[in-house]
Amino acid sequence: MSIGMKWVIGIVVVAALGVVAWQSGWLGNLSQPNAQQQTSTVANSTQTASATSSLPTAQNDTSNTAMAQDAAAIDVQMQNLATDSSLLNQSLSDKPLQQSY
Amino acid sequence: MNFQNFVRLCVTLPFLAILITPVFVFAQTATVGLQVSATASTSVSWSAAVAAVAAKARADKEITRRIAALNDLNTRIQAMTRVSSSFKQTLASNVKNQIQLLTALQVKIDADSNLATLKTDIQSITQSYRIFILVLPQGRISAMADRVANITFMMQGLGVKLQARLQAAAAAGNSATADSAILTDLGAKLTDAQTQAQATLILIGPLTPDNGNQTAMAANTKALQQARSDLGVAQQDLVQARKDIALLLKAVLSMKVSTPTSVSASTTPATH
């Protein structure tokens with residue numbers, strides 16, 4: 001096998017590895033700018049957390065009592081959501097105490 | 001003294017008095033002037049000291065207010081359950097950094113004895129407000145988005161149970177057509193709430209302090225307001241979803257079908 005042929009095969013192998021790496025996302029991740037990585041992380045931020053619900057009863061418990069308890073737990077969270085909303089509004093309308101100097 | 005000398009004295013004395021009076025007046029003015037000058041100088045230093053004390057008190061009040069708000073936010077961040085740990089860690093670090101900076105500034109201002117230094121330090125309170133006004137809403141938006149995600153998962157869990165009961169009821173001969181429509185609406189509302197929550201995090205995650213840049217400040221403000229709006233939509237979605245759940249629960253309870261027996265709970269209620 002000539003030296004030229006070896007070079008051609010070598011280049012083809014390296015290119016093929018590059019395509020595989022790029023398609024698997026490994027190369028793409030490395031080349032992403034920081035801002036995009038941050039956005040990607042944020043975008044997946046609620047997906048990477050456990051997707052299990054925090055209901056107070058077992059997942060397979062479909063009894064009336066269990067569903068009533070689940071609904072009550074949801075209501076507590078809904079009230080907390082209203083509090084979160086109120087605190088968010090406060091933070092957006094915050095005014096600093098004017099300083100003397 | 002003969003009469004002639006007496007007359008000369010009487011004539012000369014008034015003139016002498018006239019000549020001497022300005023000297024006395026000048027002397028008196030000079031004395032008063034000194035007194036006034038000394039009083040003014042004392043007043044200026046006294047009023048400067050009073051102003052410095054008042055300025056320190058105002059600075060202290062503002063810094064304490066900000067630290068309290070950031071501590072509250074940090075507590076809320078620690079209770080977040082649905083965002084990734086790295087996202088949560090970033091938020092917490094930003095908040096803690098701000099608390100540390102403000103605490104150090106408060107200590108420095110309290111110890112400031114030089115008026116110029118005090119002025120510079122107090123001015124930095126105003127400058128650092130630009131960071132505070134970004135970090136605080138950023139954290140609050142994240143916390144609310146986390147809550148939306150949590151409620152969405154809970155409602156999805158209950159929705160699955162309701163669906164199972166409806167299917168069992170339908171199999172037992174009950175009509176569940178209308179309830180299926182409600183179930184579909186429940187799913188749509190939960191999907192939208194989740195989408196809105198995700199959108200807010202994408203929007204506010206990369207925001208950085210404007211450092212006095214007006215364009216950056218306007219962009220940050222716009223992003224925060226958009227995120228607020230998105231979360232408002234998500235909240236309304238969940239309110240409607242909760243109404244759907246109430247309707248479905250009522251329907252399920254009214255259907256004639258043998259109800260499953262309760263099984264032991266495997267999880268505990270979320271209380272954060």
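Colleague: How far does α5(A) reach from its first C-alpha to its last?
Modeller: The model is predicted: local features need pLDDT of at least 70, side-chain atom pairs count only at pLDDT 80 or more, and totals for chains, interfaces and linings use all residues. Residues are numbered from 1 along each chain as its sequence is written; chains are lettered from A and ligands numbered from 1 in the order in which they are written. α5(A) has 29 residues, and the expected span of a helix is 1.5 Å times one less than its number of residues. That expectation is 42 Å, and the reach is close to it, at 42 Å.

Colleague: What pattern does chain A follow along its sequence?
Modeller: Helices (H or I, at least four residues) and strands (E, at least two) are DSSP runs, numbered from the N terminus. Chain A has five helices and zero strands. Its pattern is therefore α-α-α-α-α.

Colleague: Is A:Leu81 buried or exposed?
Modeller: A:Leu81 lies in helix α5 (residues 64-92) of chain A. A residue is buried if 20 or more other C-beta atoms lie within 10 Å of its own, exposed if 12 or fewer, and partly exposed in between, with C-beta atoms placed from the backbone. A:Leu81 has 21 such neighbours, so the label is buried.

Colleague: Which elements of chain B are included in what covers the buried residues of α5(A)?
Modeller: The buried residues of α5(A) include A:Ile74, A:Gln77, A:Leu81 and A:Leu88. Two residues are in contact if their C-beta atoms, placed from the backbone, lie within 7 Å. A:Leu81 touches B:Arg147, B:Val148, B:Ile151, B:Gln235 and B:Leu238, leaving aside residues up to four places away in sequence. The cover over the helix includes α3 and α5 of chain B.

Colleague: Are α3(B) and α5(B) roughly parallel or roughly antiparallel?
Modeller: Helix α3 (residues 115-171) and helix α5 (residues 214-254) of chain B pack at about 20 degrees, with axes 9 Å apart. Axes are lines fitted to C-alpha atoms, for helices over the stretch in contact, and angles run from 0 to 180 degrees between N-to-C directions. Angles under 35 degrees count as roughly parallel, over 145 as roughly antiparallel, 65 to 115 as roughly perpendicular and the rest as oblique. The pair is therefore roughly parallel.

Colleague: How many residues of the contact of α3(B) with α5(B) are nonpolar?
Modeller: Ala, Val, Leu, Ile, Met, Phe, Trp, Tyr, Cys and Pro count as nonpolar, Asp, Glu, Lys and Arg as charged, and the others, Gly among them, as polar. One residue of this contact is polar and one is charged. The nonpolar residues number 21.

Colleague: What is the phi of B:Asn211?
Modeller: B:Asn211 lies in the loop between α4 and α5 of chain B. With 10 C-beta neighbours inside 10 Å, this residue counts as exposed. Most residues other than glycine have a negative phi. B:Asn211 is not a glycine, yet its phi is positive, at about 50 degrees.

Colleague: How far apart in space are B:Gly187 and B:Ala241?
Modeller: B:Gly187 is found in helix α4 (residues 177-204) of chain B. With 16 other C-beta atoms within 10 Å, B:Gly187 is partly exposed. B:Gly187 and B:Ala241 are 54 residues apart in sequence, but C-alpha to C-alpha the separation is 8.1 Å.
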